[in-house]
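Visitor: I am new to this structure. Could you walk me through it in plain terms?

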Amino acid sequence: MNRRLVLRLLALTVVMFGFGYALVPLYDTLCVAFGLNGKTRITDTQTAAADGVDEDRWITVQFTSHTATGLPWEFRPMMNSVRVHPGEVKDAVYFAKNNSSNPIFGRATYSVSPSIAAVHFNKTECFCFTNQLLEGHEAKEMPVRFVVGRDIPKDVKTITLSYSFFNAEQYLSEEDKNKLTASTKRNSAGEG
Amino acid sequence: MATVADDHHDHHDHHPTGLIRWITTTNHKDIGTLYLLFSFAMFLVGGAMAMVIRAELFQPGLQIVDPHFFNQMTTVHALVMVFGAVMPGMVGFANWMIPIMIGAPDMALPRLNNWSFWILPFAATLLLSSFLTAGGGPAAGWTLYAPLTIQGGMGVDLTIFAVHMLGISSVLGAINVIVTIFNMRAPGMDFMKMPLFVWTWLITAFLLIAVMPVFAGAVTMLLTDRHFGTAFFNPAGGGDPVLFQHIFWFFGHPEVYIMILPAFGIISAIIPTFSRKPLFGYTSMVLAVAGIAFLSFIVWAHHMFTVGMPLIGEVYFMYATMLIAVPTGVKVFNWVATMWRGSLTFETPMLFAIGVVVLFTIGGLSGLMLGITPADFQYHDTYFVVAHFHYVLFSGSVMAMMGGVYYWLPKWTGHMYDEKLGKLHFWLTTIFFNITFFPQHFLGLAGMPRRIPDYALQFTEFNVISSLGAFGLGVSQLLMAYIVYKCVKGGEKATDEVWDNPEGLEWTLPSPAPYHTFETPPVIK
C-alpha cells in the first residue's frame, strides 16, 4: 500500500520536473501568440501588406539600439524615427561596426513597446532573424523591413522598436560558423 | 501493528547511543529533534548575516563590507532562512507531531526519513562553502535571477547543487508525510477528524511535490546555461531572462505558502487550548487552506508586475491575488472567533499565537497593497517589500514555530520551560521585530531600494532605528536557546496534559513522550 503511493508521488515529482521544462516552449508560444514581452509577428511582405494602406493614419516608429557587454561593436539606427501609414511597407537601416580586429558573430534580439502594439507589428525582413558575422573592423548596414498592421488599436500613435546585440560566439558550432562565413562572403561578393 | 498483542514487550532499549544513535536513527521523534536543532542552527547563521546587513545599513555610505559581499549577505541570508531554517523547522514539527496526532507508531518510511534529514547538513555545507570560492557566494538575490546567475563564479554552481539537495530532501520529506497521513491513521481517525496541523501539512506536502521539482528544473537550466551551451535564459543564444522569472515564481509563490501553511496549523492548535474552546469553523479552516493552496498556483506573476506584461495579464494577476485575501481572511476571523468569549490565559505559546495573528495580518495587508498593480510599480523592489515579507515570514512562520516549540516543549522534554523567561522572549522578540521592520515600510514608500548597501541621506533615521531593532532581535534569540537548554536539562515536571484540558492525542501520552508511542492504535471516538 505504501509502495504504490510512494511510486505515484515519485511519478508526480518527475512529471512536475518535466513541467518546469515544458514551461519553456509554452512561454515562447504564448509570447508569440499574445505579443507578450514585445515579440512581433513574422510574416512575408505580401501577407502583411495585403489589406492595403490606411492613408488617414500616421504612426511614428522610433528606433533604439543597445550593445551588450562582451560585444565590441558599434551599433545604432541610421535614423531615429520614421512616420508610416498602417499597412505601408517600410525599410529602416541599422549601422553596425566591429571595433575589434577579430571576426565576431553577433545575435540581435528585439522588443516592441507598447506591448499592445507588438502583435500588430509585422516584420518581413530583419537582421535579427539570423546570426550576423562582422570581420575585424568591418562595418555593415543592416536592414529591417516592417509593416504596421492596419488592425493596430486607434490609440497607438508611437511605437518603439528596440534591438540589443549580443555576442553569440559561444552558442555557435564550428559548422554553423563556417556556413555563416561562406554565405556572408558570397553575399558581399554578389553585391560587389 | 503486530505489537498489539505484546504491548509490554521492551524493544525500545536496543538503539545505539551517542553520535551513532543520531546518525542512524529512524525514530520520528529523534529525526524531528534533529530537524528542529538544524533549523535553529541555521536560524542563527542566517541571523548573523542579517546582522551584517543591518550593521552596514546603520549609516549611509559604505563602512563595513564591500557591496559585493553585502549582496552575498542578502542572498545567502534569505536562502539559509528559507531553505535552512523555516522549511526544515516545519518538517521537524511534522516529524514530531504528525504520527502522534494521528495515532501512528512512526512515520510510514522511517529510513527515508533518516535520509531526508541527513541530506540537509551536507546541502547547507555546500551552500555556505560557496563563500570560500573565488568570487564568493551567490550575490544575485535569493531569487537567483538570470542573467546575473549565468555570470557569477563557482559559488553559483555550489548554490545550484545545494538547492538540488535541499529540494530532494523536501520532496522526500513531503512524500513521507503524505504516505503517513494516508496510510497510518489510527482506526476512526477520519480525514475530517485530523487536527488542523496535520491538514495543513498534508496540503503543504502536495505543494512541495508540485513545485520543488519545477525549481530544480529552473536551476538545472541555469546550470546547463552556465556550462553546457544551452541558452534558456541568455538572449545571446536566443533565450529570455524573463522566462526565468516566470519559472522561478511559479515555484516561488507556492513556496511562500509552504512556509506559512504549517504555521497556520500550529496557531490553530495553540489558540483553542488557551481559549478553552474548540477551534471555530474547523471545516472552513480546512477548505481555506485548500483554497489558499490552489490559488498559490495562479498568482505567480504578481511578483513581476514591472517586467512589461500586457495590461490584461496585470489585471488578471492583480484580481487573482486579491482573491487570496478571502480564504486568509476566513482563517484570521476563525482564530479571532475561537478566542471570542473564550476563557483566555496568556502563557508563552498563546502570546506567540496572538502575536502571529496580529502581525501576520499586518503583513497580509501590506501584501494586498503590493498586489495592486499600479501601486506595485512604486513599491516594487523597495524596502516596503522587505517589510512585507518579514511580517509574514518572521512574525508569521518563525514566531508560529517559536510558539509551537513552547507549546509542545513540555511534551517533548517532560519539563515545563521557564514561563517568565518565555514571556520575556516573546516580548523582546515582538518589540524588537516591530522596531526593526515597521520603519522599513516608510523607507520603502519613500523609495529606498532593497539589496543596496548604501542609501540617500534622508533615509538615515529610519535605518538607524531599524538596525538597532535588528541587533536587539538578534540577541533576544539567544535567550530562546537558553530557555530550551534549561528545559531539556530540568525544571518543573510536566503533567501528561501539560495545559488545561487541551485537545489532541499528544496529550494522552505521558510527558516526556516515550520513545515509541501508539504501537497499539488508540481508540478514536
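Guide: Let us begin with B:Met165, which sits in helix 6 (residues 154-183) of chain B. Helices here are DSSP runs of H or I with at least four residues, strands are runs of E with at least two, and both are numbered from the N terminus. This is a predicted model, in which local features need pLDDT of at least 70, side-chain atom pairs count only at pLDDT 80 or more, and totals for chains, interfaces and linings use all residues. Residues are numbered from 1 along each chain as its sequence is written, chains are lettered from A and ligands numbered from 1 in the order in which they are written, and side-chain values use heavy atoms, with hydrogens and water left out.

Visitor: Does B:Met165 count as buried, exposed or partly exposed, and why?

Guide: B:Met165 counts as partly exposed because its relative accessibility is 23%. Buried means under 20% relative accessible area, exposed means over 50%, and partly exposed lies in between (1.4 Å probe, protein chains only).

Visitor: Which residues is B:Met165 in contact with?

Guide: Leaving aside neighbours within four places in sequence, B:Met165 is in contact with B:Ile119, B:Phe122, B:Ala123 and B:Leu126. Contact means heavy atoms within 4.5 Å. B:Leu120 is 45 residues from B:Met165 in sequence, and their C-alpha atoms are 7.4 Å apart.

Visitor: And where is B:His425?

Guide: B:His425 is in helix 15 (residues 419-445) of chain B. B:His425 counts as buried because its relative accessibility is 0%. Beyond its neighbours within four places in sequence, its contacts include B:Phe352, B:Tyr406, B:Gln477 and B:Ile483.

Visitor: What about the largest nonpolar core: how many residues has it?

Guide: The largest nonpolar core has 180 residues, and B:Phe83, B:Trp201 and B:Trp408 have the most contacts inside it. Such a core is a set of buried Ala, Val, Leu, Ile, Met, Phe, Trp, Tyr and Cys residues joined through side-chain atoms within 4.5 Å. Apart from it lies another core, of 32 residues, among them A:Phe63, A:Ala92, A:Ala96 and A:Val156.

Visitor: What does B:Trp408 touch?

Guide: Not counting residues up to four places away in sequence, B:Trp408 touches residues including B:Phe93, B:Met97, B:Ile266 and B:Trp507.

Visitor: Changing topic, how many disulfides does the structure hold?

Guide: The structure holds one disulfide over all chains, the criterion being a pair of cysteine sulfur atoms within 2.5 Å. The disulfide joins A:Cys126 to A:Cys128, with 2.2 Å from S to S. The link of A:Cys126 and A:Cys128 is right-handed, with 130° about the S-S bond. A:Cys126 counts as buried at 9% relative accessibility, and A:Cys128 is buried with a relative accessible area of 7%.

Visitor: Which strands of chain A form the open sheet?

Guide: Five strands of chain A form an open sheet in the order 4-2-10-6-8, with mixed pairing. Its edge strands are strand 4 (81-84) and strand 8 (132-134) of chain A, each of which pairs on one side only. Two strands pair if DSSP finds at least two bridges between them.

Visitor: How do strand 2 and strand 4 of chain A run?

Guide: Strand 2 (residues 59-67) and strand 4 of chain A run antiparallel, joined by four bridges. A:Gln62 stands opposite A:Ser81 in strand 4 of chain A.

Visitor: What joins strand 5 of chain A to strand 9 of chain A?

Guide: Nine bridges join strand 5 of chain A to strand 9 (residues 139-148) of chain A, and these run antiparallel. The bridge partner of A:Ala96 in strand 9 of chain A is A:Lys140.
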